[in-house]
Amino acid sequence: MIIKDSLENQTERIIAMKELLKINYETERPTVSARDLHEALGISSRFSRWFDTNKELFVEGEDYNKCTSSTFVNNGARRELEDYAITVLMAKHLCLMSRTEKGKQCRQYLIDLEKACCCLWRNPRMMAGLFFV
């Protein structure tokens, strides 16, 4: 028996996860920081090793692009780190490949976001409320 997830449950999960895994909507296609996903998945191996191993299944320039992110070190200085802006589709694949409970939760969050966006596009009154407030 398939149980349909209610919009209310999806919304609750989105709110709970949005601080853990932020989506960048400022690009042509929504992206996720590979470093943020690595952290959210609780991967124990070094980021560079994890990403180098997994990126072989994807196409640079299509599924991911190299970028930088910054962090603050112990003395308060800002440090630039190598990062990758990955598509939401790639992020969903990486979550599935992790085969962990956190991976399942992150993937469900990304799916819930996708469903929420589809609901908005199907409801002209909701879209009008977003753009013509």
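## Sheet

Two strands count as paired if DSSP finds at least two bridges between them. In this predicted model, four strands form an open sheet in the order S1-S2-S4-S3, and the pairing is antiparallel. Its edge strands are S1 (23-24) and S3, each of which pairs on one side only. In general, the strands of a sheet pair through backbone hydrogen bonds, in either a parallel or an antiparallel sense.

S3 and S4 run antiparallel and are joined by nine bridges. Among the residue pairs between them, Ser 69 has Leu 81 in S4 as its bridge partner, and Asn 65 has Ala 85 in S4. S3 and S4 form a hairpin with five residues between them. In the turn of this hairpin, Gly 76 has a positive phi of about 90 degrees. Strand S2 (residues 31-33) also pairs with S4 in the antiparallel sense, over three bridges. Ser 33 has Ala 85 in S4 as its bridge partner.

## Overall layout

The protein has six helices and four strands. Read from the N terminus, the elements run α-β-β-α-α-β-β-α-α-α. Of the 133 residues, 30% are buried. The accessible surface comes to about 9,700 Å², and carbon and sulfur atoms account for 54% of this surface. Among contacts between residues at least 6 apart in sequence, 51% join residues at least 24 apart.

## Confidence

The mean pLDDT of the protein is 78, and 72% of the residues score at least 70. Confidence is highest in helix H3 (residues 47-54), at a mean of 93, and lowest in helix H6 (residues 124-131), at a mean of 46. Over residues 126-133 the pLDDT stays under 50, and the model has five contacts for them beyond four places in sequence.

## Helix H3

Which residues of H3 are buried? They are Phe 47, Trp 50, Phe 51 and Asn 54. Seen down the axis of H3, these buried residues fall within an arc of 90 degrees, so they line one face of the helix.

The buried residues of H4 are Val 88, Met 90, Ala 91, Lys 92, Leu 94, Cys 95 and Ser 98. Lys 92, which is found in helix H4, has a relative accessibility of 11% and therefore counts as buried. Beyond residues up to four places away in sequence, Lys 92 touches Arg 107, Leu 110, Ile 111 and Glu 114.

The loop between helix H4 (88-98) and helix H5 (101-122) contains Arg 99. Just after H4, Arg 99 takes a positive phi of about 55 degrees. Most residues other than glycine have a negative phi. Arg 99 is a residue other than glycine with a positive value. Is Arg 99 buried or exposed? Arg 99 is exposed, with a relative accessible area of 78%.

## Cysteines

How many disulfides does a search of the whole structure find? The search finds zero.

Cys 95 is one of the buried residues of H4.

Definitions and conventions: Residues are numbered from 1 along each chain as its sequence is written. This is a predicted model: local features need pLDDT of at least 70, side-chain atom pairs count only at pLDDT 80 or more; totals for chains, interfaces and linings use all residues. Side-chain values use heavy atoms; hydrogens and water are left out. Helices (H or I, at least four residues) and strands (E, at least two) are DSSP runs, numbered from the N terminus. Buried means under 20% relative accessible area, exposed over 50%, partly exposed in between (1.4 Å probe, protein chains only). Contact means heavy atoms within 4.5 Å. Accessible areas come from the Shrake-Rupley method with a 1.4 Å probe; for residues, only the protein chains shown count as cover. pLDDT is the predictor's confidence in each residue, from 0 to 100. The arc is that of the directions from the helix axis to the C-beta atoms. A disulfide is a pair of cysteine sulfur atoms within 2.5 Å.
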